[in-house]
Amino acid sequence: HHPGWSHEPEILVRADALPDAAVWEAHQKSKQDLIGKVRWLSSKQFDPEIPIFAFARRMTGYKRPELLFSEIDRLLAIHAKHPIQVVMAGKAHPRDGAGQALIERLHAVIRSLDGKLPIVFLPGYDMSLAKILVGGADVWLNTPLPPLAPATLFLREFQTWGKAWPSPYKGDGGQEAAATGM
C-alpha cells in the first residue's frame, strides 16, 4: 500500500489510512510465517489463536531479556487465565561472557517451563529471522534498562499491527509514567 517506505520512512505517516482488514490480514500471514519458522527450528507447534510475545536482539544484561521471567508464578497464573506463547532469539557477542551466560540462563528457564508455557528460543538469529519475528509477533517485548538503550529511549518498539507507540519513559526513571498511570 505504501511502496518505497523503507527508503522514505516519512511515508509511514499515512499508515493509519490503511484499511484495518488489510493490516490484519498481513499480520495474520506474518504470524503464520512465524509459526512455521518456530515449527521448523524447534519442532514446537504454536497455536495461531493464541497471542505470541517475542523478544529478540543482541543478548546483553541491560536489555533485560530475563525480565519476563522475574516472577515465574505470576507469569504462569496470567498464562492460565490468558494463554500466551513466547518466542525468543538472540546472540551475545563472542567476547561477552555475561551475555553468553545470560543465554544459558534463558535456556534453563525455558527447560523449566516445558509443558507449562509454550516457549522457544530460536537458534541462528540474524536479520532474516528478525524480520519474521517482528512481523509475526502479536506483542514485541522491549525491556531495556533506561537510559542505556539510545535507539529506544523515546520510542517504544512495541509492534502492534505495525505501529510504534510513544514510550512513557520521560528520563525520570519512569516516575512520571507511574504517576500518570501510563
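This is a predicted model: local features need pLDDT of at least 70, side-chain atom pairs count only at pLDDT 80 or more; totals for chains, interfaces and linings use all residues.
Side chains of opposite charge can pair when their charged atoms come close. The structure contains five salt bridges, and three of these pairs, described in turn below, include Lys29 with Asp33.

In the pair formed by Lys29 and Asp33, the closest N and O atoms lie 2.9 Å apart. Both residues belong to helix H1, which spans residues 20-42. They are separated by four residues, about one turn of the helix.

A second salt bridge joins the side chains of Asp114 and Lys44, with an N to O distance of 3.1 Å. This pair connects distant parts of the chain, 70 residues apart. Asp114 sits in the loop between helix H3 (97-112) and strand S3 (119-122), whereas Lys44 sits in the loop between H1 and strand S1 (52-58). Asp114 counts as exposed because its relative accessibility is 53%, over the 50% cut-off. Lys44, at 32% relative accessibility, counts as partly exposed.

Helix H3 also contributes Arg105, which forms a salt bridge with Glu66. The closest N and O atoms of this pair are 2.9 Å apart. Glu66 is located in the loop between S1 and helix H2 (72-81). Because Arg105 lies in helix H3 and Glu66 in that loop, the pair ties together parts that are 39 residues apart in sequence. Arg105 counts as partly exposed at 41% relative accessibility, and Glu66 counts as partly exposed at 29%.

Definitions and conventions: Residues are numbered from 1 along each chain as its sequence is written. Side-chain values use heavy atoms; hydrogens and water are left out. A salt bridge is a side-chain nitrogen of Lys or Arg within 4 Å of a carboxyl oxygen of Asp or Glu. Helices (H or I, at least four residues) and strands (E, at least two) are DSSP runs, numbered from the N terminus. Buried means under 20% relative accessible area, exposed over 50%, partly exposed in between (1.4 Å probe, protein chains only).
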